[in-house]
Amino acid sequence: MASVELAGISKRFGGHEVIRGLNLSVPDGSFTALLGPSGCGKSTMLRMIAGLETVSDGTIRIGTREVTHLEPKARGVAMVFQNYALYPHLTVAENICFSMSLAREPKAKQREMAARIAKMLHLEELLERKPAQLSGGQRQRVAIGRALVRDPQVFLFDEPLSNLDALLRVQMRLELAKLHNDLKTTMIYVTHDQVEAMTLADQIVVLDKGVISQAGSPWELYNRPANRFVAGFIGSPAMNFLPARARAGSGGLTLTMGDDIALALPPRAVPGFTGERAVELGIRPEHVKLTSEGGGQIAGRVSVVEYLGNTSYTYVDTALGPMIVESDGGVKVEPGETVSLSIDTEKAHVFDDKGLAWTQTTEAA
Amino acid sequence: MASVELAGISKRFGGHEVIRGLNLSVPDGSFTALLGPSGCGKSTMLRMIAGLETVSDGTIRIGTREVTHLEPKARGVAMVFQNYALYPHLTVAENICFSMSLAREPKAKQREMAARIAKMLHLEELLERKPAQLSGGQRQRVAIGRALVRDPQVFLFDEPLSNLDALLRVQMRLELAKLHNDLKTTMIYVTHDQVEAMTLADQIVVLDKGVISQAGSPWELYNRPANRFVAGFIGSPAMNFLPARARAGSGGLTLTMGDDIALALPPRAVPGFTGERAVELGIRPEHVKLTSEGGGQIAGRVSVVEYLGNTSYTYVDTALGPMIVESDGGVKVEPGETVSLSIDTEKAHVFDDKGLAWTQTTEAA
Amino acid sequence: MSETRSTQHRRLDAGGVLLTLLTLIAAAVWFFPVYWAMATSVRYDDQTVKDFALLPQDPTFTNFLFNIQTSRLPYWYLNSTIVAVSVTVIVVFMSACTGYAISQLRFPGRKALWWMILASFMVPISALIVNHFIIIAGVQLLNTHAGIVLPMLIAPVTVIVYKQFFDGLPKEFREAAVMDGATEFQLLFRLFLPMNWGVTTALAIITFIGAWNSFLWPFLAAQDEKMMTVTVGIAAVQDAFGVFYGRLLSGAVLASLPVALAYLLFQRRVTQAITLSAGIKG
Amino acid sequence: MLRNRRSELLAAFVLILPFVVIYGWMFVYPTIQMVRLSFTDAPLIGEGKYVGFKNYVRMFKDPVFRKAVWNTAYFVALTVVPGTAVALLIALMVSRLKGWLQSVILAAFFLPYILPVTVVYVIWDWMTNVQFGMLQGAIEWVAGRPVNVWRTIPWFMPGVAVITIWWTNGFSILLFLAGLRNIPAELYEAAQLDGATRWQMFTRVTWPLIWPVTVLCLTIQLILQLKIFDQVYLFAVGGRTQATMVLVQYIYEQAFQKNAGGYSATIALALFVIVVTFSVLQFQILRIRGQR
Amino acid sequence: KETVVWWDFLGGGDGVRMKTLIEEFNKEHADTIEIQATTLDWGVPFYSKVQATAAVGEGPDMMTYHASRIPLAVSQGTLAEITPEDMAAMGLSAANFAPATWDAVQVDGKQYAVPFDTHPIVLYYNKDLLEKSGLIGADGLPAGLDGLDNFNAALKKLKDDGNEWGIVQVTADGGFAFRTIYSLLCQQNGEIGTDGNWFPGDSQEKLANAVGVISNWVAEGYNPSYTDYPSTVALFTSGKSPFMINGVWEVPTMDDLNKQGKLFNWGAIELPVLFDRPCTYADSHAFAIPANAGKEVSPEKHAAVLEVIKWMEANSLFWATAGHIPANVAVTETAEYKAMQPQATYAKLTANSVFDPKSVNAGVASPLFDAAGNAFTAAINGETDPATAVAEMKAALDALQQ
Ligand SMILES: Nc1ncnc2c1ncn2[C@@H]1O[C@H](COP(=O)(O)OP(=O)(O)OP(=O)(O)O)[C@@H](O)[C@H]1O
Ligand SMILES: Nc1ncnc2c1ncn2[C@@H]1O[C@H](COP(=O)(O)OP(=O)(O)OP(=O)(O)O)[C@@H](O)[C@H]1O
Ligand SMILES: [Mg+2]
Ligand SMILES: [Mg+2]
């Protein structure tokens with residue numbers, strides 16, 4: 001177990017700078033998720049930590065050692081690949097013990113180790129099978145087993161769940177959480193699925209075009225997004241954004257939207273803001289209420305209703321743009337119906353023209 | 001547009017009977033989802049309707065015609081394949097107009113048609129690209145465009161979203177819903193993802209091992225599952241099942257679980273049931289409440305908490321087995337904590353030893 | 001494959017039946033020369049020019065007996081086997097190593113090596129045969145198995161196929177093994193080769209057939225009758241004169257029999273393997 | 001990837017060592033010898049005098065060399081494209097079949113590929129014998145009289161071409177089968193729903209998708225057929241060899257029959273240049289066509 | 001004990017007989033000499049291989065060789081000289097051989113091989129069919145064939161009498177047919193000449209005459225066109241043609257068939273005199289010793305080789321069963337040989353035999369044969385006229401000198 005420290009890391013492919021002077025500290029024993037859209041450099045970062053990619057600038061430390069120029073096998077990290085990269089010609093047991101067998105450890109020791117890990121991952125019955133005979137979830141467990149056997153200081157995962165179907169994904173997510181609970185090894189986990197990041201990680205690092213957009217706990221990222229990018233990226237369905245004009249009022253902020261809508265918001269810490277400014281209002285679907293005509297602030301027409309049993313998503317076209325409303329399964333509106341939306345102003349977010357959040361000074365946690 | 005009627009359809013591969021005497025009626029203009037676990041025969045059914053697979057027994061009618069032995073192209077159906085089956089060597093425009101070009105329609109007419117459909121599906125900019133240069137969502141739209149051009153009476157979809165990532169899937173789901181809204185053509189949609197089926201369909205047909213387990217509206221399937229299979233299959237996270245013993249009481253049913261837990265349930269229509277019987281109690285995660293110690297009926301220890309921002313899933317180990325509880329994002333419990341669960345008896349389901357549901361005689365809809 | 005499903009659904013598919021029939025006829029025509037050779041090989045020599053029935057009227061094995069008795073067939077089979085197996089093993093091993101190095105490693109001269117391999121595919125190797133003879137004689141290897149084998153080791157196609165194949169493998173396998181601490185040799189012999197024996201099988205079979213059938217070089221290099229390969233030996237005992245179609249063709253059958261049997265025995269694998277390696281190339 | 005340069009170089013060196021040694025010894029060195037030889041008047045074995053470009057001058061004036069170039073080109077034209085077409089046709093027919101029937105039929109088409117060339121010669125020489133050949137019936141039906149295919153110049157090259165296609169096609173057939181198997185069945189189903197006929201399925205789906213394999217086949221065939229020798233030699237020997245001369249045969253004749261090692265090396269070099277030029281050219285043309 | 005490495009090119013029936021001789025020898029010399037024999041592919045492969053191996057000192061200790069190939073081999077330095085001492089050691093001399101045969105193994109006054117046999121071409125005949133057409137004379141041999149007109153008349157008669165063909169010989173291979181053509185050229189006193197002076201004098205016209213004889217037979221339908229070697233034999237043995245011109249090496253084939261009772265009454269005679277004088281093409285299988293470069297031969301080994309040759313010469317009567325005429329005159333004069341039929345009948349032609357010219361371009365599978373194949377295959381089958389073919393051949397031969 002060890003912490004991982006990245007200091008001033010840059011990565012260029014040819015002339016193209018993919019990671020730009022990035023600093024990151026992953027505490028010992030934490031589960032850190034690297035989250036971001038496709039192509040933002042998540043895999044590249046992970047691969048640099050693993051030593052599969054050289055760094056162009058900066059240093060990497062694992063525990064107390066600087067490993068920037070060490071070979072992959074000397075870094076004490078283990079990696080689980082997106083497609084698992086199980087060796088198709090070896091059985092599960094052989095896959096798990098491959099690194100031991102490379103190091104010519106005695107067969108008996110290998111068997112013992114395989115049995116122990118199989119027990120831990122519930123693979124006992126599968127030890128003699130080939131990867132082709134395994135289901136997606138079983139493959140993933142073998143891939144984890146192969147990493148476990150090396151007793152690494154840091155576990156690296158590159159989108160290990162993205163190949164699984166929805167049901168299995170939920171299940172494997174749980175297994176991973178339990179594994180981390182048991183082992184308490186440092187884990188760095190790359191994903192572009194925010195649900196995974198939210199449910200698994202102690203710390204989420206949101207990457208955007210090679211720089212860290214925000215790093216913090218899931219709660220922080222969901223409830224106090226530092227900028228519009230994070231706000232829009234985290235949460236499903238995504239946050240609604242509405243264009244507005246902000247005016248500083250006494251004891252708060254007034255937003256005017258469209259022709260006739262005005263909202264009073266709790267005060268924000270906006271250094272040096274007076275007068276009026278163009279901003280965006282951000283509001284999560286669950287913080288909008290569908291009321292019968294006239295009850296809310298914004299009027300609109302229902303375009304689609306998605307009924308999921310426990311919840312419903314209602315897609316509403318308003319004068320300010322389309323909005324999504326999340327409500328419990330009981331609500332019944334029909335497409336085409338005219339509705340009114342009321343916004344929970346306590347939970348509203350405001351972003352300035354550069355996308356930075358205006359943090360609420362007093363907020364209900 | 002036309003209805004589809006399957007009467008006594010069976011399908012055998014060699015000696016293996018995959019579909020067993022199935023009757024199904026798909027009303028004109030409806031959006032019907034075929035839902036079921038992998039290998040239950042969904043694709044086979046769709047392919048029989050399309051004419052890509054012969055039927056072993058029974059008849060198929062589309063509209064007023066019997067089509068059981070007609071060639072695929074004569075049936076007036078169009079199909080969107082799971083992997084889209086776009087012709088990799090043709091451009092988007094050529095893919096869309098392929099059937100017209102086969103029929104040697106004039107080039108000008110083809111161009112016009114391609115333009116119209118591209119407009120409808122927002123593919124205007126992509127008409128000259130090859131499929132390899134398209135994203136998953138774009139490919140899907142081209143596949144739909146190829147089906148649209150034939151102006152079919154029935155659209156068939158075979159898991160068209162299963163290759164997409166989560167975000168795109170949500171987006172495409174919406175597009176499909178809008179498309180059906182616009183066209184009002186009969187659509188039959190195969191999926192094993194219950195969220196898709198729930199959100200898209202007017203009618204869901206749940207298949208289990210080649211027979212129809214239940215058919216009905218999403219609301220019916222979610223709230224009044226006919227059997228344990230449907231109850232467990234529909235809903236995410238899945239319904240909790242607890243072993244229990246049922247005793248008919250005055251004005252209701254009493255369930256005893258474990259050593260000391262007793263629940264009084266509203267009355268059910270159970271023909272000829274008296275005395276005591278082994279049953280299973282089914283309760284959805286959102287109908288279980290997490291209360292501080294002692295407040296609920298069942299005690300347990302939290303094993304994992306998944307925080308998703310708007311909701312949290314809490315996994316609790318109880319004496320009766322593991323249970324999932326869904327609550328809003330605000331609830332804060334820690335793994336290892338001891339909690340008490342209270343079950344909303346109004347929403348509880350009861351299944352007998354054959355898995356059949358005991359329907360509640362009076363139920364809050 | 002492609003159309004199997006489509007043929008299922010029309011019960012009485014006249015076109016399909018006709019096509020199958022045509023295929024059968026074409027196959028029969030294609031195979032006929034081989035059959036006719038076998039039919040001729042079991043006829044008495046004087047019958048070969050009289051009996052044109054499809055089935056030999058009075059089959060005999062005298063021709064085979066003649067070829068076996070007047071020759072050293074056991075030696076020749078043994079030599080052919082030794083030569084073909086050695087060539088196959090060495091070529092496959094060497095090509096795998098080289099293909100791996102060119103595909104996965106960076107070293108000076110890599111490009112040059114690759115161009116040389118492509119060039120050697122285009123040079124008519126038979127034009128080098130005199131030089132080979134002088135070289136092999138120079139190291140005293142004429143009339144030895146090693147001498148016969150050496151010049152037959154020029155098999156650029158296997159290297160090309162291996163290189164392309166290794167190029168196409170997902171890089172995660174390599175990375176996973178590197179993190180597990182594998183050396184380059186372990187990567188090749190524990191991972192890249194065993195991961196897909198199909199390619200190796202296919203290449204081995206093609207190499208084996210080529211080595212078994214080669215004539216000119218083994219003819220030059222083998223001096224002693226006991227060192228000859230089957231193709232060389234059978235050609236030498238054939239009568240240059242007379243009407244000995246029966247003997248001639250029974251000799252032909254004897255020369256081709258082992259490979260034919262091996263092919264028929266392993267047909268499924270051969271097809272699979274060649275198909276597989278081709279799929280990778282294509 | 002982060003690599004250790006030293007150990008990587010060492011590994012590369014060890015891995016290519018056997019290959020480099022054998023190729024250096026058995027290919028590079030003899031090839032250099034051949035180039036050197038082409039500037040001498042050396043006999044088959046032994047040293048010759050340096051004669052400058054005399055061999056090259058001679059070659060360009062040599063009518064037999066020109067004939068050989070022409071015949072080789074003719075043979076290539078007769079085999080490469082038709083052979084590939086036949087292979088595709090057979091692969092299409094075989095790919096329709098299933099199970100054991102497919103195995104048997106495929107074996108019938110593939111077996112000739114495993115025969116030694118001498119055996120191929122013996123079989124076909126016997127089949128086409130003027131007096132007793134099985135095929136003379138068919139030939140008489142076409143030509144109106146029995147024909148000695150191997151002594152009648154207009155028949156010779158087409159005859160060898162047919163046999164070559166018969167003999168070597170097995171490999172191309174397997175390549176095409178592989179290619180056909182890589183075409184997803186859904187494409188045919190989609191085409192079926194779109195109303196394609198069997199012929200349209202071939203021209204509009206199969207053919208464009210099999211094109212890369214076709215390019216591969218054509219390139220391999222071109223290189224191999226430019227190096228045609230054994231069949232032509234065996235069928236021509238004793239007859240009008242000059243009229244049917246091909247390049248490698250001329251190399252062989254000059255070296256082994258005329259004892260002219262130097263001149264033979266010159267022709268070999270010319271052939272090498274031709275092979276490189278043509279295969280690069282064909283590959284480029286085909287690829288461009290495929291990208292269109 | 002010495003081992004003698006021996007190469008020959010004798011496959012099939014010849015090969016079987018030679019193997020018997022070798023076994024016999026090895027049995028007789030069980031303690032002293034052992035022949036290790038290897039049979040190689042006849043023709044260009046054999047000679048290329050001998051040349052190549054001798055050049056690198058890897059050739060055999062002795063080998064069979066066609067006399068006609070000796071000039072070429074000598075020019076390439078492939079053969080070691082057979083010295084008069086060697087001949088003496090074997091107890092042989094020029095007197096033991098027919099003059100033409102003896103001359104065939106000499107180049108520039110040096111001897112390079114010991115002739116083992118003479119193998120000319122002969123005229124095979126089907127006695128039953130000839131009798132039917134009244135072409136058998138009182139002595140039981142074919143009669144009335146001398147002179148081109150007579151011979152043509154005989155062929156016409158045979159054809160008229162319902163035979164499918166009158167005569168058969170190899171017409172698919174001009175190189176092979178050259179044996180007949182050369183014989184007919186010689187019968188007109190024409191010559192091939194030699195390097196730089198091909199077909200001297202009026203030999204070209206005579207050669208055209210000779211070619212014309214065969215092309216006429218083909219044109220008249222007496223001789224089947226484009227017929228390859230095995231078919232030639234088959235047409236004769238199956239009774240479809242009463243005559244066949246072919247090498248003496250086919251005698252065993254007839255013998256074997258006859259023994260199996262599958263053949264008619266047959267015989268073989270020297271080619272009839274169609275022109276001015278009797279003359280028949282012949283070649284000779286001879287024993288030669290390669291000049292293995294850089295390899296010293298021990299006197300013991302040399303002696304052993306000489307012993308092998310000596311023994312073979314002395315025991316060549318058995319070789320005569322292969323149809324060949326033993327080169328050793330003493331053998332042909334034995335009573336056993338004289339009883340051998342038809343060998344004894346045609347043996348006398350050795351006096352009239354003609355060998356290939358002494359040229360590096362002559363001999364079996366040589367450029368000369370090659371040129372003949374190219375020129376005459378077309379001519380005898382009527383694709384070109386004889387004069388053109390002759391001009392073409394001369395041009396090809398002249399081109400060899402460059
Ligand atoms: N070997 C390489 N050469 C050049 N560019 C590269 C290379 N590897 C990655 N890139 C580029 O670097 C950027 C980041 O790639 P990376 O794989 O890290 O993205 P990612 O965040 O993992 O995306 P995804 O979620 O799609 O896996 C991309 O723009 C990619 O095109
Ligand atoms: N051509 C066939 N031959 C034999 N069995 C088949 C064939 N096609 C399908 N089956 C079998 O029929 C059953 C149903 O297959 P089908 O493809 O309809 O399942 P599915 O419900 O679509 O599953 P999935 O969700 O995995 O696509 C499976 O058990 C399958 O193995
Ligand atoms: Mg990635
Ligand atoms: Mg399916």
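## A partly exposed tyrosine and its partner

Let's start with Tyr121(D), which is partly exposed at a relative accessible area of 22%, while Phe235(D) is buried at 4%. Here buried means under 20% relative accessible area, exposed over 50% and partly exposed in between, with a 1.4 Å probe and protein chains only. The model is predicted, so local features need pLDDT of at least 70 and side-chain atom pairs count only at pLDDT 80 or more, whereas totals for chains, interfaces and linings use all residues. Residues are numbered from 1 along each chain as its sequence is written, chains are lettered from A in the order in which they are written, and side-chain values use heavy atoms, without hydrogens and water.

## Aromatic pairs in chain D

Over all chains, the structure holds 69 aromatic pairs (Phe, Tyr or Trp rings, the six-membered one for Trp, with centres within 6.5 Å; stacked under 30 degrees between planes, edge-to-face over 60, the rest tilted). One of them is stacked: Tyr113(D) and Phe171(D), with 6.1 Å centre to centre and 25° between the planes. This pair links distant parts of the chain, 58 residues apart. Both Tyr113(D) and Phe171(D) are buried.

Tyr121(D) and Phe235(D) pair edge-to-face, at 5.0 Å centre to centre and 70° between the planes.

In chain C, Tyr100(C), Tyr162(C), Phe165(C), Phe166(C) and Phe192(C) make up one aromatic cluster.

Arg284(A) lies over the face of Tyr222(A), 3.8 Å from the ring centre. Likewise, the charged end of Arg58(D) sits over the ring of Tyr263(D), 3.7 Å from its centre. The criterion is NZ of Lys or CZ of Arg within 6 Å of the ring centre and within 35 degrees of the ring normal.

Conventions:
Helix = DSSP H or I, 4+ residues; strand = E, 2+ residues; numbered from the N terminus.
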